Amino acid sequence: MVALPVAELLRVALVAMPWQVVLSTVVTYALPEKVHVKIDVFNILGQKVVSLFDHEQDAGTHSVVWNGHDGSSVAVGSGVYFVKMQAGSFLQAKKMLLVR
């Protein structure tokens, strides 16, 4: 695992758009260098709902889509969810509201 320099952490961005999920949301992020990236969605109880990405990626801007389904492709209920991204030593989470 590659640790990102502190100065570079400010350039790693995690954006979930829109934050209010109706059908799907796009999670966009930028990486300053090649690093292992893990992106998961959790429910309000802290239980993992689905893993969206878990691989090494090159520097640049990337995105993944969450369609409001769990790891078994079952639609989850309305409520608050969190998307968590780990890239090297960088860790960030964003809140999303799923409305059905």
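Modeller: The accessible surface of the protein chain comes to about 5700 Å², and 59% of that surface belongs to carbon and sulfur atoms. Bear in mind that this is a predicted model.

Biologist: What share of the 100 residues counts as buried?

Modeller: Buried residues make up 33% of the protein chain. The cut-off applied to each residue is a relative accessible area under 20%.

Biologist: What makes the pair Lys34 and Glu56 a salt bridge?

Modeller: The distance from N to O between their side chains is 3.4 Å. The limit is 4 Å between a side-chain nitrogen of Lys or Arg and a carboxyl oxygen of Asp or Glu, so Lys34 and Glu56 qualify. Lys34 lies in the loop between strand 3 (25-31) and strand 4 (35-43), while Glu56 is in strand 5 (residues 48-57), so the pair ties together parts that are 22 residues apart in sequence.

Biologist: Why is Glu56 called exposed, and why is Lys34 called partly exposed?

Modeller: Glu56 has a relative accessible area of 51%, and exposed means over 50%, so the label holds for Glu56. Lys34 has 46%, which lies between the 20% and 50% limits, so Lys34 is partly exposed.

Biologist: How many salt bridges does a search of the whole structure find?

Modeller: The search finds three. One of them joins Asp40 and Lys38 at 3.6 Å, N to O. Another joins Lys38 and Asp54 at 3.5 Å, N to O. Lys38 lies in strand 4 and Asp54 in strand 5, so this pair ties together parts that are 16 residues apart in sequence.

Biologist: What makes Lys38, Asp40 and Asp54 one network?

Modeller: Their salt bridges share partners, and this joins Lys38, Asp40 and Asp54.

Biologist: Which label, buried or partly exposed, does Asp40 get?

Modeller: Asp40 has 3% relative accessibility. Buried means under 20%, so Asp40 is buried. Lys38, at 25%, counts as partly exposed, and Asp54, at 35%, also counts as partly exposed.

Biologist: Which residues have the most contacts inside the largest nonpolar core?

Modeller: They are Tyr29, Val37, Ile39, Val41, Trp66 and Tyr81, in a core of 20 residues. Strand 3, strand 4, strand 5, strand 6, strand 7 and strand 8 (90-98) each supply at least two residues of this core. In soluble globular proteins, nonpolar side chains tend to be buried together.

Biologist: What is Tyr81 in contact with, leaving aside its neighbours within four places in sequence?

Modeller: Its contacts include Val41, Phe42, Val49, Trp66, Met96 and Leu98. For the protein chain, 54% of contacts between residues at least 6 apart in sequence join residues at least 24 apart.

Biologist: What is the phi of Ser73, and why is Ser73 called exposed?

Modeller: Ser73 has a positive phi of about 65°, although it is not a glycine. Ser73 is found in the loop between strand 6 (60-66) and strand 7 (79-87). Its relative accessibility is 58%, and the cut-off is over 50%, so Ser73 is exposed.

Key. Residues are numbered from 1 along each chain as its sequence is written. This is a predicted model: local features need pLDDT of at least 70, side-chain atom pairs count only at pLDDT 80 or more; totals for chains, interfaces and linings use all residues. Side-chain values use heavy atoms; hydrogens and water are left out. Helices (H or I, at least four residues) and strands (E, at least two) are DSSP runs, numbered from the N terminus. Buried means under 20% relative accessible area, exposed over 50%, partly exposed in between (1.4 Å probe, protein chains only). Contact means heavy atoms within 4.5 Å. Accessible areas come from the Shrake-Rupley method with a 1.4 Å probe; for residues, only the protein chains shown count as cover. A nonpolar core is a set of buried Ala, Val, Leu, Ile, Met, Phe, Trp, Tyr and Cys residues joined through side-chain atoms within 4.5 Å.
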